[in-house]
Amino acid sequence: MSVRGGLSDGHWRLIEPLLPDRTPRRGGRWTDHRRVIDAVAFKYRNNLAWRDLPDECPPWQTVFDRFTRWARDGTWHRVLVALQARADADGDLDWLVGVDSTVVRAHQHAAGGREKGAPAGEPHDHALGRSRGGLSTKVHLAADGRCRPIAFVVTAGQAGDAPQFERVMAAIRVPRPVGRPRVRPDTVLADRAYSSRAIRAHLRRRGIRAVILEPADQQANRKRRGPRGGRPVALDRDAYRLRNAVERCINRLKQWRGIAMRTDKLATNYQAALHVAAIFLWLKP
């Protein structure tokens with residue numbers, strides 16, 4: 001008996017070859033990968049504690065151990081990238097990419113992560129920020145024109161958007177059947193938080209068209225400086241209307257309650273949860 005919202009037979013046929021070897025260990029019982037993935041998805045859709053997984057799921061220790069192991073060895077990320085590569089090969093990946101961020105409230109259970117024994121790549125602050133509102137995490141992401149996430153960067157909640165822009169762009173890497181992976185979108189759409197000379201110059205050097213709204217204070221400063229202020233920033237307003245795709249992508253991710261409120265102590269695990277949710281979004285037709 002499977003839990004609600006699990007993988008369909010067609011989806012399972014797509015990702016089964018992408019998972020590690022399913023050979024059971026000698027002398028031990030084996031829990032099928034499909035049941036584990038369904039249990040992980042059920043946990044994060046409903047924001048349950050691992051111990052509260054229903055009886056239809058495998059033992060919670062098995063689900064948690066495999067989830068964390070795949071988070072550390074990059075299995076979740078590899079499955080996501082493979083689905084993106086498949087969509088790109090089929091001409092289904094829209095390279096009109098939007099970049100944005102969203103703040104996620106962190107539950108008090110997310111605090112208390114230890115630095116000793118943390119996996120490689122785990123930030124020292126576990127991507128948790130403290131403010132008057134409590135603990136929070138910020139998710140920076142890039143999404144294609146069909147509202148599907150391409151890349152994630154997780155930081156503390158008080159981190160600014162513009163300083164993380166190049167990290168988000170560097171995380172875009174979609175393999176191709178022949179040649180190098182594609183790392184450059186055709187166009188990048190972003191709101192006024194990303195309007196800076198450094199970001200525009202970065203995109204110009206890489207041959208990427210920038211559609212970024214210029215805030216009013218930057219416009220006034222440029223006009224005040226006269227000829228030294230430079231040319232007005234061009235904005236394709238028809239293309240800018242498509243920026244809502246990244247906002248709709250964020251809304252779809254936050255339909256998973258375990259994404260909308262973080263309870264993971266480690267940023268590595270929370271980012272893996274983002275990859276799991278993204279895998280299910282990419283599996284949708």
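Helices and strands are here DSSP runs, a helix having at least four residues and a strand at least two, and they are numbered from the N terminus. The model is predicted.

**Exercise 1. Locate His126 and Ala127, and describe the phi and the burial of each.**

Solution. Step 1: His126 lies in the loop between E1 and strand E2 (129–131). Ala127 belongs to the loop between E1 and E2 as well.

Step 1: The phi of His126 is near 55°, a positive value in a residue other than glycine. For Ala127, phi is likewise positive and near 55°. Most residues other than glycine have a negative phi.

Step 2: The cut-off for a buried residue is under 20% relative accessible area. His126 has 6% relative accessibility and therefore counts as buried. Ala127, with a relative accessible area of 1%, is buried.

**Exercise 2. State which strands pair with E1, and in which sense.**

Step 1: With strand E3 (residues 134–143), E1 pairs in the antiparallel sense over 8 bridges. In this pairing Val103 stands opposite Lys138 in E3.

Step 2: With strand E5 (residues 187–190), E1 pairs in the parallel sense over 3 bridges. Here Leu96 stands opposite Thr187.

Step 3: Strand E7 (residues 261–262) also pairs with E1 in the parallel sense, over 2 bridges. Arg105 stands opposite Met261 in E7.

**Exercise 3. Compare the span of helix H4 with the expected value, and describe what its buried residues pack against.**

Solution. Step 1: Helix H4 (residues 75–89) has 15 residues. From its first C-alpha to its last it reaches 21 Å, close to the 21 Å expected at 1.5 Å a residue.

Step 1: The buried residues of H4 include Trp76, Val79, Leu80, Leu83 and Asp88.

Step 2: These buried residues of H4 pack against helix H1 (9–15), helix H2 (33–46), helix H3 (60–73), strand E4 (149–156) and H11.

Step 3: Just after H4, Gly91 takes a positive phi of about 75°.

**Exercise 4. Describe the largest nonpolar core and the surroundings of Trp76.**

Solution. Step 1: The largest nonpolar core has 72 residues, and those with the most contacts inside it are Ile37 and Trp76. Helix H11 (residues 267–283) supplies the largest share of this core, 13 residues.

Step 1: Another core, of 6 residues, lies apart from it; among its residues are Leu189, Val211, Leu213 and Tyr240. In soluble globular proteins, nonpolar side chains tend to be buried together.

Step 2: Not counting residues up to four places away in sequence, Trp76 touches Ile37, Phe67, Trp70, Ala71, Ala272, His275, Val276 and Ile279.

**Exercise 5. Classify the aromatic pairs formed by Phe67 with Tyr44 and with Trp76.**

Solution. Step 1: A pair of aromatic rings is described by the distance of the centres and the angle of the planes. The structure holds 8 aromatic pairs.

Step 1: Tyr44 and Phe67 are 5.5 Å apart, centre to centre, with 45° between the planes, and form a tilted pair. This pair links distant parts of the chain, since Tyr44 is in helix H2 and Phe67 in helix H3, 23 residues apart. Both Tyr44 and Phe67 are buried.

Step 2: The ring centres of Phe67 and Trp76 lie 6.0 Å apart and the planes are at 45°, so this pair is tilted. Both Phe67 and Trp76 are buried.

Step 3: One aromatic cluster is formed by Tyr44, Trp50, Phe64, Phe67, Trp70 and Trp76.

Definitions and conventions: Residues are numbered from 1 along each chain as its sequence is written. This is a predicted model: local features need pLDDT of at least 70, side-chain atom pairs count only at pLDDT 80 or more; totals for chains, interfaces and linings use all residues. Side-chain values use heavy atoms; hydrogens and water are left out. A nonpolar core is a set of buried Ala, Val, Leu, Ile, Met, Phe, Trp, Tyr and Cys residues joined through side-chain atoms within 4.5 Å. Buried means under 20% relative accessible area, exposed over 50%, partly exposed in between (1.4 Å probe, protein chains only). Contact means heavy atoms within 4.5 Å. The expected span of a helix is 1.5 Å times one less than its number of residues. Two strands pair if DSSP finds at least two bridges between them. Rings of Phe, Tyr and Trp (its six-membered ring) pair if their centres lie within 6.5 Å; planes under 30 degrees apart count as stacked, over 60 as edge-to-face and the rest as tilted.
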